[in-house]
Amino acid sequence: HHLMIHAAAVDKGGRSLILPGPPGAGKSTLCAALIHRGWRLLSDEQALIRRDDGRLIPFPRPIALKNKSIPLIGEFAQDAIMGPTYEDTVKGTLTHLRPPTSAVESSTLPSAPRWIIFPKYQAAAQTKLTPFPKSRAFLKLAENSFNYHILGEAGFHTLACAMEACECYELIYSSLDEVVQMLDELNSAG
């Protein structure tokens with residue numbers, strides 16, 4: 001019943017940030033950092049957009065962290081609760097980060113999409129947020145959707161409404177402190 005996008009999603013002040021990207025882009029790491037600095041976890045893996053009003057439906061569950069993200073988040077958020085670590089999986093070393101209790105308790109509260117940001121972790125890169133054309137963002141989200149093609153016209157209209165409501169950006173980052181501060185400032189600016 002919802003448009004399902006392969007993306008992390010977080011909320012602050014009733015407005016959500018959608019972080020779509022392929023595996024390894026850094027969306028789970030960024031999502032984990034944001035929820036430990038005041039953002040509410042909506043989902044780490046699936047942004048669920050309601051077809052009737054375009055709002056995001058929370059789906060908080062454990063966040064999968066892989067390889068270098070595990071010690072990075074462990075250092076960044078020392079209060080993070082992680083499960084056992086499994087080595088030598090298909091994706092390398094893997095663990096799961098427990099979602100905050102507050103995210104689970106507020107899982108019935110939808111959020112209004114405000115930003116679509118395509119993150120890319122790049123070692124030693126300067127944090128850079130660049131406007132991204134909505135036409136390209138639309139195509140990328142359609143490609144990253146689990147059911148866009150099944151919903152047909154309803155999927156098109158749902159995604160088009162999300163594009164109208166959101167500012168779109170491309171993000172390159174390496175420092176979690178810098179990127180969290182930048183996204184907090186973006187949220188404060190409106």
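This is a predicted model: local features need pLDDT of at least 70, side-chain atom pairs count only at pLDDT 80 or more; totals for chains, interfaces and linings use all residues.

Reply: Happy to! Tyr-121, by contrast, is partly exposed, with a relative accessible area of 38%.

Me: How many aromatic pairs are there in the whole structure?

Reply: A search finds four. In one of them, Tyr-121 and Tyr-173 sit edge-to-face, 5.6 Å centre to centre with 75 degrees between the planes.

Me: What describes a pair of aromatic rings?

Reply: Two things: the distance of the centres and the angle of the planes. Take Phe-138 and Tyr-148: their ring centres are 6.2 Å apart and their planes meet at 85 degrees, so this pair is edge-to-face. Phe-138 lies in helix α4 and Tyr-148 in helix α5, so the pair ties together parts ten residues apart in sequence.

Me: Are Phe-138 and Tyr-148 buried or exposed?

Reply: Phe-138 is buried at 15% relative accessibility, and Tyr-148 is buried at 19%. Together with Phe-156, they form one aromatic cluster.

Me: And at what angle do helices α1 and α7 pack?

Reply: About 70 degrees, with the axes 10 Å apart. That makes α1 roughly perpendicular to α7, and the crossing is right-handed. Residues of α1 including Leu-30 and Leu-34 meet a set in α7 that includes Val-180 and Leu-183. By class, this contact has seven nonpolar residues, one polar and no charged ones.

Methods:
Residues are numbered from 1 along each chain as its sequence is written. Side-chain values use heavy atoms; hydrogens and water are left out. Axes are lines fitted to C-alpha atoms, for helices over the stretch in contact, and angles run from 0 to 180 degrees between N-to-C directions. Helices (H or I, at least four residues) and strands (E, at least two) are DSSP runs, numbered from the N terminus. Angles under 35 degrees count as roughly parallel, over 145 as roughly antiparallel, 65 to 115 as roughly perpendicular and the rest as oblique. A crossing is left-handed if the near helix is turned anticlockwise from the far one by less than a right angle, and right-handed if clockwise. Contact means heavy atoms within 4.5 Å. Ala, Val, Leu, Ile, Met, Phe, Trp, Tyr, Cys and Pro count as nonpolar, Asp, Glu, Lys and Arg as charged, and the others, Gly among them, as polar. Rings of Phe, Tyr and Trp (its six-membered ring) pair if their centres lie within 6.5 Å; planes under 30 degrees apart count as stacked, over 60 as edge-to-face and the rest as tilted. Buried means under 20% relative accessible area, exposed over 50%, partly exposed in between (1.4 Å probe, protein chains only).
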